[in-house]
Each structure stands twice: as structure tokens, then as C-alpha cells.
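Hello,

Please look it over, then read the notes below.

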Amino acid sequence: MEVKAYMARLGQQARAASRQMAKANTGAKNSALLAIADAIQSSRDALMAANKTDLENGRNNGLEAALLDRLELTPARIDNMIEGLHQVAALPDPVGEITDMKYRPSGIQVGKMRVPLGVIGIIYESRPNVTVEAASLCLKSGNATILRGGSEAINSNQAIARCISQGMEQAGLPAAAVQVLEITDRAAVGELITLPEYVDVIVPRGGKGLIERISKDARVPVIKHLDGICHVYIDAEADPEKAINIAVNAKTHRYGVCNAMETLLVHETVADLILPKLAERYAEHAVELRGCEQTRRILPDCTAATEDDWHTEYLAPILAIRVVADLDAAIDHINTYSSQHTDTIVTENYTLARRFLTEVDSSSVMVNASTRFADGFEYGLGAEIGISTDKIHARGPVGLDGLTSQKYVVLGDGQIRV
């Protein structure tokens, strides 16, 4: 199959389908989501069989244990896929919402209407459940989507795609509104990200290398984040119990996620009190500590941190620690080394908390809460298609609203401009 022609055909079909999706009513979209859930439920055996083939191929090809785990479709994960579809169906539909209507001196009313983005290309790795998550969010927000999963999950993704097509057709919506690539050729990615006539935005979900390549080569806008170098700053006026619980949770709740803490900053006046207690808790989780000179004076067994540590997203039980002189030093460190994902301050001082919220330039900034809350579900978005650290269009967890844009609408009664 000639890749360029294949991708152009998918793009044309997606563009045509996007026009139908933009005018689809909420009932039809919800019916499709529920029909897809039913199709997945009735196709459990087929999904498990397809996934078994992918797992066997992955083992034969030397796929790492962590990737095999992400690839596997267990009965519980299929349950989660079905539940996720029901949850998205229950979410409010943002499309068509009109806000900010105001009368102008001319007598016209001016406001904004929320509309779909159009065609969204999504590129992801390993986890076949992303196929359902991405399709459901794009569907509910009135978009068409082209999904390119990892080659290691090709059989699982195609089995899921058949369920999606069945549900779409049952609800009277175009099956081409959700297209899952049938080929594993890497050239397909290069074509997908250079089709501005058919694709309106690209959402990459995967490792830093994949996202960097797509950001560099894409000819359409990209919603992305490269790193999750997240910080917790424990202020001089922090409640010690809150500080310790937050710092432990932010690091140890899960390691391989983008909203896990990678660097801990501690005010010098409380470092002697806080760090030994934290070290004990981290030792229970076998977390390796890498610290600055002041940290190592308090924790002699701590490994010396290097400049690279402040720049590193470990995604592992490793934590960099720096003792800082004050809030200014903490903010300076964060704005220098943060990936603008999620950063939090622990303090009982309202004034300092407000300064932190104002001056830290990240997509999520928190007070007295774990960075692990930076998540679409926890933010009340129902689900997310990813997290954006960009500043234009969508920032932070991207849910249904993030997959839409706004256009101005004007209501008049015969007014003419004079």
C-alpha cells in the first residue's frame, strides 16, 4: 500500500466526516458512545485474542516488561474502557454553547460559540485503551479523528476499531469520523503531521523523543508536553505534617507518570526538621535521593546532585532535593528548570501562596496539594486526551473543551454600520 496515497485518502474521509460530526446532536453522539461500549462488551473474546497475538509478538521481539504491561488488555482494563465510554457520554456537550453575549451601542449582540476543532490526528504508543479514550473524547466534542497507535498494538487497535465503527454506524454517524491506521509503516506518521489541508491539530502521546520529532516536523499545530519535571516547594511556614504527606505522595504514588514530583525544594529554616523525616519515608519506598550540598549536610547518605538532575524527568524512584533560601529562590529554580507542567507550594502563608500562584509559569500551579492531582479526571473534566504545556489554545489537562475552539457570533435586527 502506497503510504502517501493511503494517508491522503484517510485525510479526505476524515475531513468529510468532520463536517457531519460538527452538526451531530448530543443524543446521536451519546448513542454512538454507548453503542461502542456495547460492542466492546460483546467482543471481549475477540479483543483478548487480538491482544494475545500482540503480546506474543512483543515478547518475541524483545519488548520490555514495562511496555508489555502497558500493552496488555486485561478484563479489568476492558471494564475501564467500557466505563470510560459511559462517563464521556454523561459529560455535558460543549459544542454549540454560546457565552459572553453582550449588547453593543449599535444594538447588535456579540458573543462566542464553542465549535469543534475539525480533524484531530492522535499519535500514541503501546496502550490500546488510548484508542477508546481518544476516540470517545473526539467523538463527544464533534471532531473527526485519525488514530495512529504503536505497531506493537496493531491487532488490538484494529479489533477495537471494529467496535468503534459498529457503534458509529448503529448511531447513524459516519464511521470515517474515527479512523485507526491499518498500517505500521513509520512513514505514515510523517504524512499525518504534514497534511494541513485535512488535519487541524496533532496530539502526540508518548515518549519525549516521539513528541520532539513531531513538534519539529509537523506542519499543523501540535498540543503537547515534552517533560513532566514537577516540583514541590516546602515553605518556612508549611505545616510539617501536610508537607511530608504531600511530598511523599507526589513522588511515590506512581513513578512513571508525567505529574509525579521529580525535584523537592525545601526552605533552609525547616530543612533540618523536614528532610530527616522525609528520608525515612522515602527509604520505605526505596527512593534514591540526590541532593545539593546543604541537603547532604543534613542527609549524609544522600548522593550528590549534579546540574543534570535539575533537568531530569526520572519517571523512577529517584528524587532530586535542593535547600533554598526563600520563596524567591524557589520560584527562580522552578522557572529555570521546570517543564511548565505542574508545581506546588506547601505553606500556611496566604500572601506567599498568592505570589507562588502568580509568579510560577506552569500549566498547573497548586497550593497545599500533591502534583498527582494534575489530571483531567481529578479536575472534573471527566477524561483527558493529554496535558498541554503550551500557552496557546489549550493549557494543562485537555478535555472536551480543549478539543473545541470558539467563534464569534453576532445577532442583529437589521442594523447597518454607519
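How much space lies in the largest cavity? About 50 Å³. A search of the whole structure finds one cavity of 30 Å³ or more. Some ground rules come before the rest.

This is a predicted model, so local features need pLDDT of at least 70 and side-chain atom pairs count only at pLDDT 80 or more, while totals for chains, interfaces and linings use all residues. Residues are numbered from 1 along each chain as its sequence is written, and side-chain values use heavy atoms, with hydrogens and water left out.

**Cavity and pocket**

The search runs on a 1 Å grid over the protein atoms alone. A cavity is a set of points where a 1.4 Å probe fits but cannot get out. A pocket is an open set with protein on both sides within 12 Å along at least five of seven lines. Lining residues have an atom within 4 Å of a point. Grid points are joined across faces, edges and corners, and a volume is the space filled by probe spheres set on the points.

The lining of the largest cavity consists of Leu147, Arg148, Gly149, Gly150, Ser151, Ile154, Asn157, Val180, Leu181, Ile183 and Thr184. Strand E4 (144–148) and helix H7 (154–170) each give two or more residues to this lining. Helices (H or I, at least four residues) and strands (E, at least two) are DSSP runs, numbered from the N terminus. By class, the cavity lining holds five nonpolar, five polar and one charged residue. Ala, Val, Leu, Ile, Met, Phe, Trp, Tyr, Cys and Pro count as nonpolar, Asp, Glu, Lys and Arg as charged, and the others, Gly among them, as polar.

The second largest pocket holds about 290 Å³ of space. Its lining includes Ile123, Tyr124, Glu125, Arg148, Glu152, Arg186 and Arg213. Strand E3 (119–124) and helix H9 (208–217) each give two or more residues to the lining of this pocket. The classes here are four nonpolar, three polar and five charged.

**Helices with a buried face**

Helix H5 (residues 75–90) has 16 residues. It reaches 23 Å from first C-alpha to last, close to the 22 Å expected at 1.5 Å a residue. The expected span is 1.5 Å times one less than the number of residues. Buried (under 20% relative accessible area; exposed is over 50%, partly exposed in between; 1.4 Å probe, protein chains only) applies in H5 to Ile78, Met81, Ile82, Leu85, Val88 and Ala89. These buried residues fall within an arc of 125 degrees seen down the axis of H5, so they line one face of the helix. The arc is that of the directions from the helix axis to the C-beta atoms. Asn80 and Ala90 are exposed on the face turned away from the buried side of H5. Cover for the buried residues of H5 includes helix H2 (26–42), helix H3 (44–60), helix H6 (129–140) and H7. Contact means heavy atoms within 4.5 Å.

H3 has 17 residues and reaches 24 Å, close to the 24 Å expected. Which residues of H3 are buried? They are Arg44, Leu47, Ala50, Asn51, Asp54, Leu55 and Gly58. They cover an arc of only 145 degrees around the axis, which puts them on the same side of H3. They pack against H2, helix H4 (65–71), H5 and H7. Asp45, Lys52, Arg59 and Asn60 are exposed on the face turned away. Just after H3, Gly62 takes a positive phi of about 75 degrees.

In helix H15 (residues 350–359), Leu352, Ala353 and Phe356 are buried. Their arc around the axis is only 105 degrees, which puts them on the same side of H15. Tyr350, Thr351 and Thr358 are exposed on the other side of H15.

**Single residues**

Ala134 is found in helix H6 and counts as buried at 0% relative accessibility. Beyond its neighbours within four places in sequence, Ala134 is in contact with Ile122, Leu147 and Ile385.

Val178 sits in strand E5 (residues 178–180). It is buried at 7% relative accessibility. Leaving out residues up to four places away in sequence, Val178 touches Ala135, Thr145, Leu147 and Ile164.

Asp100, in strand E1 (residues 98–103), has a positive phi near 60 degrees.

Best wishes
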